Amino acid sequence: MTPDTLKDKVIPVLTILLALVVFWYVAAVLMNAPFQRDMDQRGNVAPATMEFIGKTLSQPKPILPAPHQVANSVFKNTFLRKLSSNRSLIYHAGVTLSSTVVGFALGTLLGIAIAVGIVHIKTLDRSLMPWIIASQTVPILAIAPMVIVVLGAINITGLIPKALISTYLSFFPVAVGMVKGLRSPEIMHLDLMRTYNATALQTFWKLRVPASIPFLFTSMKVAIAASLVGAIVGELPTGAVAGIGSKLLAGSYYSQTIDIWAALVAGSVLAATLVAIVGLVAKIVDRAMGGRPA
């Protein structure tokens with residue numbers, strides 16, 4: 001790691017992270033203080049200031065858990081549980097990951113197919129694109145229960161409904177990004193292909209597709225995160241017994257706020273990992289296509 005990298009990337013990120021942690025601790029004390037003050041009054045206890053702060057940061061069911069409580073829960077339910085345990089965050093993340101990946105794959109294929117059609121068929125550009133945009137204005141929380149109920153009526157349950165909800169969220173950024181990418185070649189390059197008497201198919205594979213690859217992977221980073229959100233939301237109305245969504249639901253039922261935040265952290269880590277994997281694949285593909293490392 002060079003000094004410039006440390007100065008330009010690592011230190012700013014760590015500074016923001018430290019500021020967020022400090023703000024989190026302050027917010028936890030302020031939000032948990034009323035309940036702790038009420039408990040102390042009932043027990044006729046008058047703790048000192050530091051003792052009172054310590055109590056607000058160690059409540060078993062706080063309104064806002066402290067960072068160390070969340071970190072302890074994540075560590076315990078990640079490294080100290082068997083992978084098959086229904087309390088293991090890795091187990092629940094794996095369940096959510098399966099529907100995320102399936103939905104992301106379907107959404108990517110659907111988005112690419114729609115983009116190709118829109119670029120090559122003017123009728124689709126004028127008629128389909130407005131409906132695609134309008135589809136994303138409908139809240140996913142309204143669509144998810146309908147999808148679950150309709151598919152459940154024909155005995156389709158489990159992975160497929162959650163994957164379809166993920167598909168619904170992930171196809172849009174891919175479609176928009178690919179349309180932009182397939183239209184990115186300059187007119188001069190398109191004229192050059194016509195000069196070579198290239199067919200529309202040859203122009204598509206030799207010019208439009210290579211030009212669209214950077215746009216595709218950029219949109220796929222957005223799509224994979226959206227797909228994860230869709231998978232988690234899809235687990236909520238099903239009453240799922242496994243998955244990050246089920247952990248959030250169970251935590252809300254029993255006021256286990258620490259478990260809720262731990263599940264949120266697990267989802268965030270999973271999302272960051274998936275985005276990083278897509279970014280790594282993008283670099284590999286770019287290098288294979290002759291791109292120079294930045």
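I began with a term: buried means under 20% relative accessible area, exposed means over 50%, and partly exposed lies in between, with a 1.4 Å probe and protein chains only. I noted that this is a predicted model, where local features need pLDDT of at least 70, side-chain atom pairs count only at pLDDT 80 or more, and totals for chains, interfaces and linings use all residues. Residues are numbered from 1 along each chain as its sequence is written, and side-chain values use heavy atoms, with hydrogens and water left out.

**Entry: aromatic pairs**

I looked up ring pairs, taking rings of Phe, Tyr and Trp (its six-membered ring) with centres within 6.5 Å; planes under 30 degrees apart count as stacked, over 60 as edge-to-face and the rest as tilted. The structure holds 3 such pairs. I took helices as DSSP runs (H or I, at least four residues), numbered from the N terminus. Trp-24 has a relative accessible area of 21% and is partly exposed. Trp-261, at 30%, is also partly exposed.

Phe-204 and Trp-205 make another aromatic pair, edge-to-face, with 5.2 Å centre to centre and 80 degrees between the planes. Is Phe-204 buried or exposed? At 12% relative accessibility, Phe-204 counts as buried. Trp-205 counts as exposed, at 53%.

**Entry: salt bridges**

I then searched the whole structure for salt bridges, and 5 were found. The cut-off is a side-chain nitrogen of Lys or Arg within 4 Å of a carboxyl oxygen of Asp or Glu. As background, side chains of opposite charge can pair when their charged atoms come close.

Asp-38 and Arg-42 meet through their side chains at 3.2 Å, N to O. Both lie in helix H1, 4 residues apart, which is about one turn of the helix. An α-helix has 3.6 residues a turn, so residues three or four places apart point the same way. Asp-38 is partly exposed, with 30% relative accessible area, while Arg-42 is exposed, with 66%.

Which parts does the bridge between Glu-235 and Lys-162 tie together? Glu-235 lies in helix H9 and Lys-162 in helix H7 (residues 159-182), so the pair links parts that are 73 residues apart in sequence. The N to O distance in this bridge is 3.9 Å. Glu-235 is buried at 0% relative accessible area, and Lys-162 is buried at 9%.

In Arg-194 and Asp-191 the closest N and O atoms are 2.6 Å apart. Both residues are in helix H8 (residues 187-195), 3 residues apart, about one turn of the helix. Arg-194 counts as exposed at 56%, and Asp-191 as partly exposed at 38%. I also found Asp-40, Glu-51 and Lys-55 joined into one network by salt bridges that share partners.

**Entry: helix H10**

How many of the 10 residues of helix H10 (residues 244-253) are buried? The count is 7, so H10 is largely enclosed by the rest of the structure. I listed the buried ones as Ile-244, Gly-245, Ser-246, Lys-247, Leu-248, Leu-249 and Gly-251. Their cover includes helix H4 (89-120), helix H9 (200-235) and helix H11 (257-288), with contact taken as heavy atoms within 4.5 Å. Just after H10, Ser-255 takes a positive phi of about 55 degrees.

**Entry: annotated spans and a surface patch**

I checked the UniProt record, an unreviewed entry, whose "transmembrane region" annotation covers residues 12-31, 89-119, 131-154 and 260-282. Its positions are in the numbering used here, feature names are shortened, and annotations may be inferred rather than shown by experiment. Residues 12-31 are 100% helix and 0% strand, with end C-alpha atoms 28 Å apart. Residues 260-282 are likewise 100% helix and 0% strand, and their end C-alpha atoms lie 33 Å apart.

Last, I looked for patches, made of residues with over 30% relative accessible area and no salt bridge; like charges are joined within 9 Å and nonpolar side chains (Val, Leu, Ile, Met, Phe, Trp, Tyr) within 5 Å. Leu-18, Val-22, Val-26, Leu-30, Met-31 and Ile-63 form a nonpolar patch on the surface, with about 590 Å² of accessible area together. The areas come from the Shrake-Rupley method with a 1.4 Å probe, and for residues only the protein chains shown count as cover. Leu-30 lies in helix H1 (residues 3-42) and is exposed at 61% relative accessible area.

Terms used
Helix = DSSP H or I, 4+ residues; strand = E, 2+ residues; numbered from the N terminus.
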